[in-house]
Amino acid sequence: MEFSLKDKAITLFCENKEVIFQDNPAEVIRARESAFRKFKQLGFPTKKMEEWRNTNLSDILSRNHHFNFEAPKEDIDIEKIFQCEVPNFDTHIVSLYNGWYVSRDKPLETLPNGTIVGSFARALKEYPELVLKHYNKYCKNELNGLNALNTAFAQDGVFIYVPDNVGAYKPIQIVNILDKGNNLFVQNRNLIIVGKNSKLSFLHCDDSRNHEASFSNTVTEVFIDEGASVDHYKLQNLNDKTTLINSTFFQQEKDSQLSSFAITLNGGIVRNDSHVLLNNKGIDSNIYGLYLVDKEQHVDNRVFVDHASPNCTSNELFKGILDDQGSAAFNGHVLVRRDAQQTNACQTNRNILLTDKAKAHAKPFLEIYADDVKCSHGATVGQLDDEALFYIKSRGISEYNAKLLLMYAFAAEVVNKISLPALKSRIDDLVKKRLRGELAVCSQCVLHCQSQEQVYDFKIDMSKL
Amino acid sequence: MLKIENLHVSINGKEIIKGLNLQVNAGEVHAIMGPNGTGKSTLASVIAGKEGYDITDGHITYLDKDLFQFSTEERALEGIFLGFQYPVEIPGVSMTNFMRTAINEHRKHKGLDPLSAGDFLALMEEKRKLVEIKDKLKNRAVNEGFSGGEKKKNEIFQMAMLEPKLAILDETDSGLDIDALRVVANGVNKLRSKDNASIVITHYQRLLDYIVPDFVHVLYEGKIVKTGGKELALQLEEKGYEWLG
Ligand SMILES: Nc1ncnc2c1ncn2[C@@H]1O[C@H](COP(=O)(O)OP(=O)(O)OP(=O)(O)O)[C@@H](O)[C@H]1O
Ligand SMILES: [Mg+2]
């Protein structure tokens, strides 16, 4: 009989219930059981589903992945295996190792501004009321088998709670490291709660340690209360064999502000799902994406923005540069409900294809039931502008540099929106390296080779000017 | 310096340049005039190396070498500069980066080290003042949101930065106020030396009051039909082009 990962997951769930449910409040167990039934019904996404037409998981899912239900016994010295690549970037780092919170035996930390950070599993024990008020309230298990699977299985992740009325502390950096994968199926569950009028910047970094294949299925729920402001950065630098399904569910309350970035520099198959519910008036929501794709990599961004209230603004800008046989998809869906008058919604997806074999699918979609709205959408898939190339070359700039300048400028529109200066200049750097093909050269360690930064002679020194 | 013989150029099978001859020697300024759509910009683009043209006959030599063997950027490095009739907007590429890249490519071609950031900015400042460009323009993206006149001045600024041997200015005077016209003319006159040459494409005799040409050519239906001194421009202004046909 043919191997079925779905059947395997179902069997494993039944066999390991005791471990999975360990220390869980009754509500969580109920949520898991219910999501498990959903998963049984939905299974894994297939290309037959409209939302997955452009992303084929069937090959990956035909492999015999294994699941870990026990946290690793030995303590991991995260500093030995991960060094943040961003210089002068002062963040509070919390790490997940193959989905498990590193040093999960420690109680949750309280940062100077009162923010509570720590293991999600532990938060369930220490702050059950706070967690249960939001846990699984925003995730859409009924729409996507992978989300349901995550709810049923995920045992750990990161929990962040920012109390009401506090200013920003350092950005919190969640580092999700995949190591010794060998077809490991990793699932983690993050919950972020940002109180009224408070501010939070957090980064969600997915990194590979080596070249083994793994499958990461992450669900992050983010609740942004009235007047709060959140900057969210997903940075993805995985090896070419890794599959990452990263679903983020935001619920925004009155007058809150969100900027969320999905920056994919490397990965095998990467799917970013962002769901944003604009639940009250005066919300500002910005969803940005930048993907640089080459070889046979595939990046799929899906954004669903639910304008459920009047006077809100949403803005999506996704840009991609595709080389070799790389492919990308963008699926944007803006729903403007009947009461959502005076909505401003804008959706843009632009792609540059550098080869005949690279492919980009763009599907911006507006579904509007209110009459007093301003909505726009646009998608382009094209080559570099010939007129601009000729103009640049006519000043003596080589074809190679002319293309670099144009591609860099194309990407910069997204990079320039990053509001953390150290991060912005690092991303800027990584984009430049990526455009010059230098990241791919470093085959040993994807990105964080422990070696010193190489001095490169790039004639266009963007940083100094 | 530049020698064009029996040049025939087609675009998508339509012949635009129909047997054109022109010789430009070092130290000379040539003006090219002619009605709309006769092939002036086409000629300029062919010299600069733009793609999309079929050279069906004839040849061009530049500094005694076959021009067609060189790519656009090689021609620029060898000293050809085209001031565009319609300068292209390039969002996201700052003027500073653009020019710094260009200057350093030229220096590399001459076997020189790249300019330091400081030296480069000083050079940029010097030339900017020369062409009376507003300081803020240099921090903006190339031509993006520039007014018509600012775009034209920006072409002269780039020319001043790159110091070409052969400058071709395609209607750089169109849409300029009188002060800007003087700036453009100044730019060309400053470049004028026994080693350099310019081709100035214009519709207006007025520019030629400032840049006194050695020759005025009339390009008409893909050919140079008349060549004269600066007085020819006055004649054209008065009588139009009909009498030449
Ligand atoms: N890319 C193109 N495809 C088709 N026809 C073209 C193209 N470029 C130019 N032409 C045609 O070639 C002819 C000459 O154009 P060109 O721009 O060289 O004229 P010009 O003399 O510079 O005119 P003007 O004074 O209006 O600037 C015109 O008829 C124009 O329509
Ligand atoms: Mg013209």
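A salt bridge is a side-chain nitrogen of Lys or Arg within 4 Å of a carboxyl oxygen of Asp or Glu. By this rule, the count over all chains is 32 salt bridges. The model shown here is predicted. The legends below take some of these bridges and their surroundings in turn.

**View 1. Asp23(A) and Lys125(A) form a salt bridge.** The closest N and O atoms of the two residues are 3.5 Å apart. This pair links distant parts of the chain. Asp23(A) sits in the loop between H1 and H2 of chain A. Lys125(A) belongs to helix H5 (residues 120–126) of chain A.

**View 2. Helix H1 of chain A bends at Glu15(A).** The helix covers residues 5–21. The bend is about 60 degrees. Several residues of H1(A) are buried, among them Leu5(A), Ala9(A), Leu12(A) and Phe13(A). Others on the buried list include Asn16(A), Ile20(A) and Phe21(A). An α-helix has 3.6 residues a turn, so residues three or four places apart point the same way. What covers the buried residues of H1(A)? The cover includes helix H2 (26–42), helix H3 (58–61) and helix H7 (145–153) of chain A. It also includes strand E1 (66–67) and strand E8 (184–194) of chain A.

**View 3. Ala123(A) is a buried residue of helix H5 in chain A.** Its relative accessible area is 0%. Which residues is Ala123(A) in contact with, leaving aside neighbours within four places in sequence? They are Leu108(A), Pro128(A), Val131(A) and Phe159(A). Tyr161(A) lies 38 residues from Ala123(A) along the chain. The C-alpha atoms of Ala123(A) and Tyr161(A) are separated by 9.9 Å.

**View 4. Asn144(A) is buried in a loop.** The loop runs between helix H6 (128–134) and H7 of chain A. Asn144(A) counts as buried because its relative accessibility is 6%, and the cut-off for buried is under 20%. Neighbours within four places in sequence are left aside here. Asn144(A) is then in contact with Leu42(A), Pro45(A), Trp52(A) and Asp273(A).

**View 5. Asn286(A) lies in strand E15 of chain A.** The strand spans residues 284–293. Is Asn286(A) buried or exposed? Asn286(A) is buried, with a relative accessible area of 8%. Asn286(A) touches Gln257(A), Leu258(A), Ser259(A), Ser260(A) and Asn315(A), not counting residues up to four places away in sequence. Take Asn315(A) from that list. Asn286(A) and Asn315(A) are 29 residues apart along the chain. Their C-alpha atoms are separated by 4.8 Å.

**View 6. Chain A touches chain B.** On chain A, 21 residues are in contact with 35 residues of chain B. The two chains bury about 2,400 Å² between them. Carbon and sulfur atoms hold 67% of that area. How many salt bridges are there between chain A and chain B? The count is three. There are also 11 residue pairs in polar contact across the interface, both residues being at pLDDT 80 or more. On chain A, the elements that give two or more residues to this side are helix H8 (386–393) and helix H9 (399–415). H8(A) gives the most, with six residues. By class, this side of chain A has 11 nonpolar, four polar and six charged residues.

**View 7. Glu51(B) and Lys393(A) form a salt bridge between the chains.** Their closest N and O atoms are 4.0 Å apart. Both residues belong to a network of salt bridges. Glu399(A) and Lys403(A) are linked in this network too.

**View 8. Lys129(B) and Glu125(B) meet in a salt bridge.** The N to O distance is 3.7 Å. Both residues lie in helix H4 (residues 117–130) of chain B. They are separated by about one helical turn, because they are four residues apart in this helix. Lys129(B) is exposed, with a relative accessible area of 55%. Glu125(B) is partly exposed, at 24% relative accessibility.

**View 9. Asp135(B) forms a salt bridge with Arg128(B).** The closest N and O atoms are 3.5 Å apart. Asp135(B) is partly exposed, at 38% relative accessibility. Arg128(B) is buried, with a relative accessible area of 10%.

Terms used. Residues are numbered from 1 along each chain as its sequence is written. Chains are lettered from A and ligands numbered from 1 in the order in which they are written. This is a predicted model: local features need pLDDT of at least 70, side-chain atom pairs count only at pLDDT 80 or more; totals for chains, interfaces and linings use all residues. Side-chain values use heavy atoms; hydrogens and water are left out. The bend at a residue is the angle between axes fitted to the seven residues ending there and the seven starting there. Buried means under 20% relative accessible area, exposed over 50%, partly exposed in between (1.4 Å probe, protein chains only). Contact means heavy atoms within 4.5 Å. Buried area is the accessible area (1.4 Å probe) that two parts lose on being put together, summed over both. A polar contact is a pair of N or O atoms within 3.5 Å; within protein, one must be able to donate a hydrogen and the other to accept it, and residues adjacent in sequence count only if both atoms are side-chain atoms. Ala, Val, Leu, Ile, Met, Phe, Trp, Tyr, Cys and Pro count as nonpolar, Asp, Glu, Lys and Arg as charged, and the others, Gly among them, as polar.
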